[in-house]
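Good morning, and thank you for making time for this presentation. I would ask you to keep the sequence and the structure in view while I speak.

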Amino acid sequence: MSSTHVCATPAPVAALVRLKAVAPSPALSRLVKATAAAALALCLVQPAGAQSPKLVFAIPYSGTLKKINDSGEIRIGYRENSPPFAFLDASHKPLGYSLDLCEILVEEIAAELGKDVRVIRQPVTPENRFDLVISGDVDLECGSTTNNLERRKIVAFSPTMFVTGTKLLVRRGSGILNFRDLAGKTVVLTRGTVHEAAIPKLAQRQNIPIKFVFASDHGESLRTLAAGKADAFANDDVQLYGMIAETRSAADFRVVGDFLTYADYALMFRKDDPEFAEVVERAFHKLAGSREIVAIYERWFQQPLPSGVRLNMPMSPHLEELFRVQGLPSD
């Protein structure tokens, strides 16, 4: 006489299913499927009345999380001269606001994978940062990259970490006060930035005859201005303030004019990777919810930089509102 083996849904599987319904995520969906499949397999081979062994399941990651899980390392791209976001101190150690945020993200990634993750840091430039992320040489770019529609066609971005806009850096005593004062003059722009295309288009629309020269990074752009080879350097105002603060040359230069463009900065990673994007999003919500993101902001924008100079830039109402959307409690 044969007996029928009825296999009920194990409690861990039922619990995961209920959790998935409340807080769905790609990783949790995979765990539910893996747990259910393993439980079914045990039901098929195990005789009725036998005691079920304890099951241990590995989550099958994909994309960037799989790459990090398999290698045990994450490759961080950083800028060398974009203070206070990412730059080198006197001992050539990379540091800055963006790198502090990336450190928290690495902790969240390690928690997701349940293992220590080794950080490999690699310098990037405005010109090569996109190629390095797309190719997989860099997993997370921690610099001062603008998130816009055109760039979202090739890469993905974290939630906004800063809001800024383009202004002009000029030598003190130049007589240049605004964009129209640049008629017949030379402006230096950094290759690979949004300014490289946006500022010449703005000059064309406003019919202002400006000569443009281009440099490989912000440091070279500043040196071009300082050497008298350009009359102005167009860049996001926060970076202009940060650069002259770090070089102790604030007395030699002035940031002038109205905003010529606006920009939202974010951390950059590969697109079409929802699992990795979920971890990044979760880390930002934790940063905002605990108010840790405020402390990190104040460290770089209101407290003294390594040079000893303060930027004295309180958080703008716009940025504060964006952080509230991410979970920042109201005062």
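**A disulfide and its surroundings**

Cys 102 and Cys 142 are both buried, where buried means under 20% relative accessible area, exposed means over 50%, and partly exposed lies in between, with a 1.4 Å probe and protein chains only. Before I continue, please note that this is a predicted model, in which local features need pLDDT of at least 70 and side-chain atom pairs count only at pLDDT 80 or more, while totals for chains, interfaces and linings use all residues. Residues are numbered from 1 along each chain as its sequence is written, and side-chain values use heavy atoms, with hydrogens and water left out.

A disulfide joins Cys 102 to Cys 142, with an S to S distance of 1.8 Å; the criterion is a pair of cysteine sulfur atoms within 2.5 Å. The pair links distant parts of the chain, as Cys 102 sits in helix α4 (residues 97-113) and Cys 142 in strand β6, 40 residues apart. Helices (H or I, at least four residues) and strands (E, at least two) are DSSP runs, numbered from the N terminus. The link of Cys 102 and Cys 142 is left-handed, with -100° about the S-S bond. By this rule the count is one disulfide.

**The overall picture**

The protein has eleven helices and 13 strands. Of its 331 residues, 47% are buried. Among contacts with a separation of 6 or more, 75% come from residues 24 or more positions apart, a contact being heavy atoms within 4.5 Å.

**The cavity**

What does a search of the whole structure find in the way of cavities of 30 Å³ or more? It finds one. A cavity is a set of points, on a 1 Å grid over the protein atoms alone, where a 1.4 Å probe fits but cannot get out, and its lining residues have an atom within 4 Å of a point. Grid points are joined across faces, edges and corners, and the volume is the space filled by probe spheres set on the points. The largest cavity holds about 70 Å³ of space.

Fourteen residues line the largest cavity, and Arg 129, Ser 144, Thr 193, His 195 and Gln 239 lie nearest its centre. Strands β6 (140-146) and β11 (232-236) each supply at least two residues of this lining. The largest share, three residues, comes from β6. By class, the lining has two nonpolar, eight polar and four charged residues; here Ala, Val, Leu, Ile, Met, Phe, Trp, Tyr, Cys and Pro count as nonpolar, Asp, Glu, Lys and Arg as charged, and the others, Gly among them, as polar.

Ser 221 lies in helix α7 (residues 218-226). Ser 221 counts as buried because its relative accessibility is 0%. Its side chain makes a polar contact with the side chain of Thr 190, at 2.8 Å. A polar contact is a pair of N or O atoms within 3.5 Å; within protein, one must be able to donate a hydrogen and the other to accept it, and residues adjacent in sequence count only if both atoms are side-chain atoms. Leaving aside neighbours within four places in sequence, Ser 221 is in contact with Val 188, Leu 189, Thr 190, Ala 215 and Phe 233.

**Backbone features**

Most residues other than glycine have a negative phi, and most peptide bonds are trans. The peptide bond from Pro 83 to Pro 84 is cis, with omega near 5°, and Pro 84 is found in the loop between β2 (81-82) and β3 (86-88).

Asp 272 has a positive phi, near 55°, and its place is in the loop between β13 (262-270) and α9 (274-289). With a relative accessible area of 67%, Asp 272 is exposed. Asn 312 also has a positive phi, of about 50°. Asn 312 is found in the loop between α10 (292-301) and α11 (317-325), and is exposed, with a relative accessible area of 54%.

Note on methods. On a 1 Å grid over the protein atoms alone, a cavity is a set of points where a 1.4 Å probe fits but cannot get out, and a pocket is an open set with protein on both sides within 12 Å along at least five of seven lines; lining residues have an atom within 4 Å of a point.
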